[in-house]
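Work through each task yourself, then compare your steps with the solution.

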Amino acid sequence: MTSRRCRNRVLAVVRAMVARGLVVGTTGNVSMRARDRVYITPTRLDYDAMTRRDVVAVELAGRPMRSRHGPSSELPLHLALYDRRPDVGGIVHTHSRAAVTWSMIASGLPPMTEDARYYRMGAVPVVPQTTPCAEPAALIAALGDGRAILLEGHGVVAVGEGPYEALWIACAVEHMAAVALSLRALRDGGGHCARRPAIVGTWCGLP
Ligand SMILES: [Zn+2]
């Protein structure tokens, strides 16, 4: 795939991510791997103003190529993930609302919806860390061979064969978290969860 197509693909996923309300302002980031390069969103640039030429190309070894912007500050996590997971071709990091909320009240998200099965997701662990670029090794260990992790009070890191699949995984995590929050609200409202208490208990993070 040409450099131009890679940049266009990253930009398209960025626009889809923004359109779905999964980030706040210039937060979050998107990258894809193509051969010996990684294409990643620049740091602190307005998504609405971003063009193909603003996407930053970096060698997999970490050396930046000529670019008009610096890469996302979370580039070290992306590079470390690509190094650890040869099956990963795209990474999306979001700050979506339900996922952030759930990450602050639970230790993980069970894979109990159809979306989780469809995307072959395991449980999504919550990592008690808010700065991914500080310690990528801890996040990579928490992800293992999985497809997403929740950063406590921060957001979602999702991986896929390419950036589009990573985006759908991030969307699935947000949906699962929203369902979990709804179930917990039902439980706290009393009575309505009696039909399937075991499942609801799991969703609500109960023992
Ligand atoms: Zn972030």
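**Two helices side by side**

Helix 1 and helix 6 are roughly parallel to each other (roughly parallel means an angle under 35 degrees, roughly antiparallel over 145, roughly perpendicular 65 to 115, and the rest oblique). Before we start, note that this is a predicted model, in which local features need pLDDT of at least 70 and side-chain atom pairs count only at pLDDT 80 or more, while totals for chains, interfaces and linings use all residues. Residues are numbered from 1 along each chain as its sequence is written, and side-chain values use heavy atoms, with hydrogens and water left out.

**Exercise 1.** At what angle do helix 1 and helix 6 pack, and how far apart are their axes?

*Solution.* 
- Step 1: Find helix 1 at residues 3–19 and helix 6 at residues 163–189 (helices are DSSP runs of H or I with at least four residues, strands are runs of E with at least two, numbered from the N terminus).
- Step 2: The angle is about 15°, and the axes lie 9 Å apart (axes are lines fitted to C-alpha atoms, for helices over the stretch in contact, and angles run from 0 to 180 degrees between N-to-C directions).
- Step 3: Look at who meets whom: Arg 9, Ala 12, Val 13, Ala 16 and Met 17 of helix 1 meet Pro 163, Tyr 164 and Leu 167 of helix 6 (contact means heavy atoms within 4.5 Å).

**Exercise 2.** Which residues of helix 5 are buried, and where do they lie around the helix?

*Solution.* 
- Step 1: In helix 5 (residues 136–143), the buried residues are Pro 136, Leu 139, Ile 140 and Leu 143 (buried means under 20% relative accessible area, exposed over 50%, partly exposed in between, with a 1.4 Å probe and protein chains only).
- Step 2: Down the helix axis, these buried residues fall within an arc of 100°, so they line one face of helix 5 (the arc is that of the directions from the helix axis to the C-beta atoms).
- Step 3: They pack against helix 2 (75–84), strand 6 (124–127), strand 7 and strand 8.

**Exercise 3.** Which residues coordinate the zinc ion?

*Solution.* 
- Step 1: His 93, His 95 and His 154 coordinate the zinc ion, each through NE2, at 2.0 to 2.1 Å (donors are N, O and S atoms within 2.8 Å of the metal, or 3.2 Å for Na, K and Ca; water is not among the atoms, so sites may look incomplete).
- Step 2: Their spacing in sequence is H-x1-H-x58-H.
- Step 3: His 95 sits in the loop between strand 4 (90–94) and helix 3 (97–103), and His 154 in the loop between strand 7 (148–151) and strand 8 (155–160), so the pair ties together parts 59 residues apart in sequence.
- Step 4: His 154 counts as buried, because its relative accessibility is 12%.
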